[in-house]
Amino acid sequence: MNFPPPLPHDPNALPVAQARELIQAYLAPVRGTEILPLKQALGRVLAEDVASPLDVPGYDNSAMDGYGVRFADLAEAPVRLRVVGTARAGRPFAGTAGPGECVRVMTGAVIPAGVDTVIMQEHVSRDGDHISVEPGHRRGQNLRRAGEDIPRGSVALARGRLLRPAELGLLASLGTQEIPVRRRPRVAFFSTGDELRPAGTPLGPGQIHDSNRYSLYGMLARLGVEPLDLGLLPDDPHQLRQAFAEAAAMADAVIASGGVSVGEADFVRDILAGLGEVVFWKIAMKPGRPLAYGKLGAAHFFGLPGNPVSAMVTFYQFVRDALLALMGCDPVPALPVLQAVCVEDLRKAPGRTEFQRGILAPDPQGRWVVRPTGAQGSGMLSSMSQANCFIILPQEQGNVAAGAPVAVQLLEGLV
Ligand code: AMP
Ligand code: MG
């Protein structure tokens, strides 16, 4: 195995930023591409540069409904010009505008021969087949030039781009029907814990429903990987070892939740160490301190904490970027972090980066402010459900007083 040299770190309290760097050092995009029809490529990653086979737009055209004129005619403005024809989008004017003449032009129409400037229809007065034009125009105004959006031969989209609605439209504007994209990484995931029962089955004493597989499924599906649900596993080393090995054989990445907290940690760590390599174990963050990353053969392994909020926070903070890198995103689009005034006091002890669940909303003055969702227990999924952002409190930060600015990371629009 070709591991990069390990960074110096304390595996029992790794800072968040260092953990991210460490994971990225291990990641390379999955091999394998496929050609997809444009619509099916939504959410995929472009596997090759796309050079434009044509100029977009393909010809000089009008940006406005108005009149195409010869700028030289305006030297003596105000002037009267004779309207000699009409050019519409898709229906060019066949003639030429001579001195003293102009052409009615609609948005998107080919600029007629002789014309070099377009005047908005609101800026002229028309009288029969003549218009009057006041002074104050600029040569070339209201024209869209051939190739001004995308010149022929230029790289319209670079390899590594995540294909969003704008990219689909842009590719269609080049006439593209099919597009080479990377295959979707296969991501196997399972939950571990003797207390867990699948949704839809009754609970015995001390049992709870397995929720992590559902939130994980949702996050994986939104990200655009291929989720493989491997179900529930008891806290049994033999069954876990076998499941880890099987998952690693079928997937590019394996995600387990539960079984990584103190007491159980050595258990999963030993299995992982036996089958591959453990890269780190505990992160200086809250929630989500126990987090394992490693390799299971060729597959990347993420051991997320079992607490449902911790599992989601660690996914968004580490696994998201890692999977986008596996998908081939280059660069991996960063999640926007903004400043907002926090309108409540926050309790925070220095030493760990905290990701509190927050609600960002406009106040009556229209200024966006943030407040915590209330109880922040790492088992309380309702806090994740109410939240629309994380309030990120840096490692060495202490308590925050109401009115202070804090960093917020939006949950909406996470890809
Ligand atoms: P663990 O990380 O296994 O020590 O679990 C920490 C807490 O999360 C315990 O209260 C578990 O019962 C709970 N938990 C673990 N896995 C899940 C799951 N898949 N769904 C809901 N709760 C879980
Ligand atoms: Mg457990």
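Across the whole structure, which is a predicted model, a search finds 7 aromatic pairs. One of them joins phenylalanine 244 and phenylalanine 301 in a tilted arrangement, with 5.0 Å from centre to centre and 40 degrees between the planes. This pair links distant parts of the chain, since phenylalanine 244 belongs to helix H4 (residues 237-250) and phenylalanine 301 to strand E21 (residues 299-304), 57 residues apart.

**Aromatic rings and their surroundings**

- Phenylalanine 244 has a relative accessible area of 1% and is therefore buried, the cut-off being under 20%.
- Phenylalanine 301, at 0% relative accessibility, likewise counts as buried.
- Elsewhere, Phe315, Tyr316, Phe355 and Phe390 are linked by ring pairs into a cluster.
- A charged side chain also meets a ring: arginine 20 lies over the face of phenylalanine 318, at 5.8 Å from the ring centre.

**Strand pairing around E24**

- Strand E24 (residues 368-372) pairs with strand E22 (residues 337-342) in the parallel sense over 2 bridges, and cysteine 342 has valine 370 in E24 as its bridge partner.
- Strand E23 (residues 353-362) pairs with E24 in the antiparallel sense over 5 bridges, and here the bridge partner of leucine 360 is valine 370 in E24.

Notes: Residues are numbered from 1 along each chain as its sequence is written. Chains are lettered from A and ligands numbered from 1 in the order in which they are written. This is a predicted model: local features need pLDDT of at least 70, side-chain atom pairs count only at pLDDT 80 or more; totals for chains, interfaces and linings use all residues. Side-chain values use heavy atoms; hydrogens and water are left out. Rings of Phe, Tyr and Trp (its six-membered ring) pair if their centres lie within 6.5 Å; planes under 30 degrees apart count as stacked, over 60 as edge-to-face and the rest as tilted. Helices (H or I, at least four residues) and strands (E, at least two) are DSSP runs, numbered from the N terminus. Buried means under 20% relative accessible area, exposed over 50%, partly exposed in between (1.4 Å probe, protein chains only). A charge sits over a ring if NZ of Lys or CZ of Arg is within 6 Å of the ring centre and within 35 degrees of the ring normal. Two strands pair if DSSP finds at least two bridges between them.
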